[in-house]
Structure formats: structure tokens, C-alpha cells
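I opened this notebook to keep track of what I looked up.

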Amino acid sequence: MTAAAARRAALAAQALDAPVRAGVAPDRGTLKRLVRRLGLLQLDSVNVAVRAHYAPPFARLGSYDRDVLDALAWPQTAADRRRRAFVEFWAHEASLVPVEDWPLLRWRMRDNTARTSRWLGSALEHRPDILDAVHDAVAAHGPLEAREVEEVLGHAGERKARAYGGWWQRSDVKVACEHLFATGVLTTGTRRGFRRAYAVTEDVLPPHVLARDPDRAEAMRELTRRAAGALGVATEPDLRDHYRLPPAESRAAVAELVDAGELVPVEVAGWDAPAYRAAGARVPRKVAGRALLAPFDPLVWFRPRTERIFGFEYRIGIYTPADQRTHGYYVFPFLLDGQLVGRVDLKTDRAAGVLRVPGAFAEPGSAERGADEARVAAEMAGALQEMAAWLGVGDVVVEGGPLAPALSRALRYAEAG
């Protein structure tokens, strides 16, 4: 298989092989089908441009109502709760997954139950019954945020325990909530201001989902099957990363799916590892369209795959010291006709009502791939204007980067009509 064909297959699997359909407002069904196709949407608390889970649907569907996605994931009304489509759990990272896929992650819940961590041990030292107490409080009063659980238990204002390698200071109650979430006892009932409000899982998921309990090997095969469908053509580490499966079990699942004819081994020119094509994966003759891809978009989140397929080295600025950032803080790769031809650092200035571009860049060699600087700038300008309109802000303000002059000209030309 040529590298170009593998790239087209990957883009088709990710629903990024054709232009967004103009004038079609994505509805609940469209969003549900897209998340099923991708397998999950990664969650992240950073809101400098737009929250991570909102961006992949926009890249593939264009402007849509984020409230519709919220209602599918974090319903506020009884009617919406009956139609909940997504639930949170640790899949790739913290993620939204289709409700029916929750049982496929029971093995991870059991692994988390078996682990005794220092931070949970510290919480238990201070109050040995804290897990039962938190569960009972949420069962009686939920959905509750951690601070609300603290109030119910009379823990408000208590000391903060260092947890998760020192990234956050968290109270013992918050640590207990997160442990119960990781073990499947609690889930996210809803979110308020993006703060997780915990609920007892039995109060959120339907009985037929709770009744499913696939064995570990079956779950590994099914998750690998879903990953293969979402990736099109992939190495075993690519497939493994999608749901962060254990290496040995991932390799076993791939071998079993190959034996079953569901994965087809292929050799991709220029790839340094064996690859597998999902049986029936579509390989379009050409791809078209443009998209701004958030740092946590599934097309680019596994950096070795991004570099192998697109020759695109990518590092998230938010995890990089300021003096070591090469392109900015929250950088979106720019996809045009199947190639990553640029990148743009974005910040939504909600107070000023503008979408700021601290840095805009064209990729070296883009002209050889049919996208010279003027075209990259023109297409990027259009994509940025569409994003600004979707986010409900006004102008796009270009502030820096080598592509800034051309991008500013393209924006002025577009505004002039």
C-alpha cells in the first residue's frame, strides 16, 4: 500500500476526506453517529480556544449547536436523561464514549479497583469509611460536585491532599470521588461550568447496559475492532493507543482479529512497522476539504502516527515551558485536501468578542504538495472565519507568525467580499 493511499484511508475513517456540507445543521443523530465512528471524544479542561470535545465535531460537520452535544452527554432534564447517548470514563484519556460502550471498559474499572495508590491510602488514613460515606452522600443527594459532597459530609474547608503526581491539590473527598469514578461506582451525572457532578452509575446508565459484562479478552478485541474502524490503516501501537490498551493484550487482540479476517496485514511504503487495514476500510481516490484540528483531535493525538502519516512534528504548547514553544500555546494543525499544510495558535477572547491568532504558520514544503502560501492563507482565513462565527465572536485578529501578513490580507479580501 502506498503511503498516500494509507493517508487517504486514515482520513476517510476519520470523516475528514470531503468538504463540510454547507447549509446542513447537524442534529442529535448526526452527532451520535460521528462519535460512534470516532469511538470517543477526549475531554480536557483547557478552554483557551474551545473545549477539546467540541472541536472534533466542528472539524468534521461544521457549525453545530454545542448545547445539543451537551444534552447528549450531560442531560439536565428528565427527557434528555432518558435519551443520554454518551457517558464519561477513562478511555483514551478522560473521554466521552457511547453509553453502550461503557461495559467494554469494565476491565479497566477492575484494574483500578485492584490498585492501591498512595493518594487513596492517604485519604483512607484520614477517614477509613470515606468511600462508603461519599457513595452514600451521592446516592442520597446526587448529582453532586465534590465540594457539595464535602458540605454534605461536613468536610468543607478541609486540608487538600496532594494527588496525581503533584499536578493538583485535592481534598480527601475529591480523591475518593475520583477513585469511585475510576472504578465505575460513580459516573458523571452532569457538569456545571465543566465541573463534574457525580452520580451513582446505576442511576445514570440503563439496566441493559449495566447487565453487560464482556470478558476481558472479548472487550480487548471489540475495542481494537473499534479502533481499527476509526483509524482505517494503523500499526499495532496506533490501535493500542486509541483506548490505551495494555501492550500484550493489544497484540493478542490484533492477532486474533487477523486470524478472523477482520484485520488485513498490509505493508505501507515508508512505514517502519507492520500495519493493518480494517476489513472494508474505504480508500478514496482523492480527498478534499479543510479543517482546523484541535490538539486533542483523534487524527493527530498520537504524535508518532501524525509524523508517520503526514510528516508533521507536533508538540502541545500547554505542556511545554514558554521558552521552548515553537509555535504557541494552543496550536491547531490545519488540514487542507488531505495534507497538514499549516498550524495556527488560537485564543478566543470572549471579553473582546474576537478570535485571536497569536501565531500563524505555513508548513515547509506545502507548495510542493499543491498549497502555496497564498492558498494556505486563503483557506485558513475561511476556516478561521467559520470558527469565529461558530464560537459567537466577531473578528479574527491576527497578531503574529510568519504567515501573518498573508493571512491578514486574505481576511481583508474575504471581508471585502
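**Entry: the model**
I noted at the start that this is a predicted model.

**Entry: helix 8 against helix 9**
I began with helix 8, residues 130-141. I asked how its axis meets that of helix 9. The two axes come within 10 Å and cross at roughly 100 degrees. Angles of 65 to 115 degrees count as roughly perpendicular. Helix 8 and helix 9 are therefore roughly perpendicular to each other. Next I looked up who makes the contact. Helix 8 brings A133, V134, A137, V138 and H141. Helix 9 brings V149, V152 and L153. I sorted these residues by type: 7 are nonpolar, 1 is polar and none is charged.

**Entry: the loop between them**
I then checked the loop between helix 8 and helix 9, where P143 lies. Is the peptide bond from G142 to P143 cis or trans? I found it cis, with omega near 0 degrees.

**Entry: helix 9 against helix 10**
I moved on to helix 9, residues 146-153, and helix 10, residues 172-182. Their axes come within 9 Å and cross at roughly 120 degrees. That angle makes helix 9 oblique to helix 10. I also looked up the hand of the crossing, and it is right-handed. On the helix 9 side, the contact is made by A146, V149, E150 and L153. On the helix 10 side, I listed V173, K174 and C177. The residues of this contact divide into 5 nonpolar, no polar and 2 charged.

**Entry: C177**
I picked C177, which lies in helix 10. Is C177 buried or exposed? C177 has a relative accessible area of 0%, so I wrote it down as buried. I then left aside its neighbours within four places in sequence and asked what C177 is in contact with. The list is V134, A146, V149, L186 and Y198.

**Entry: helix 16**
I tested the length of helix 16, residues 373-391. At 1.5 Å a residue, its 19 residues should span 27 Å. The end C-alpha atoms are 26 Å apart, which agrees. I looked for buried residues in helix 16 and found, among them, V376, M380, L384, M387, W390 and L391. Glycine G382 is also buried there. Just after helix 16, G392 takes a positive phi of about 75 degrees.

F194 has phi near 70 degrees, though it is a residue other than glycine. F194 sits in the loop between strand 6 (186-192) and strand 7 (195-200). Its relative accessible area is 18%, so F194 is buried. D337 is not a glycine either, and its phi is about 50 degrees. I placed D337 in the loop between strand 12 (331-336) and strand 13 (339-349). At 30% relative accessibility, D337 counts as partly exposed.

Conventions: Residues are numbered from 1 along each chain as its sequence is written. This is a predicted model: local features need pLDDT of at least 70, side-chain atom pairs count only at pLDDT 80 or more; totals for chains, interfaces and linings use all residues. Side-chain values use heavy atoms; hydrogens and water are left out. Axes are lines fitted to C-alpha atoms, for helices over the stretch in contact, and angles run from 0 to 180 degrees between N-to-C directions. Helices (H or I, at least four residues) and strands (E, at least two) are DSSP runs, numbered from the N terminus. Angles under 35 degrees count as roughly parallel, over 145 as roughly antiparallel, 65 to 115 as roughly perpendicular and the rest as oblique. A crossing is left-handed if the near helix is turned anticlockwise from the far one by less than a right angle, and right-handed if clockwise. Contact means heavy atoms within 4.5 Å. Ala, Val, Leu, Ile, Met, Phe, Trp, Tyr, Cys and Pro count as nonpolar, Asp, Glu, Lys and Arg as charged, and the others, Gly among them, as polar. The expected span of a helix is 1.5 Å times one less than its number of residues. Buried means under 20% relative accessible area, exposed over 50%, partly exposed in between (1.4 Å probe, protein chains only).
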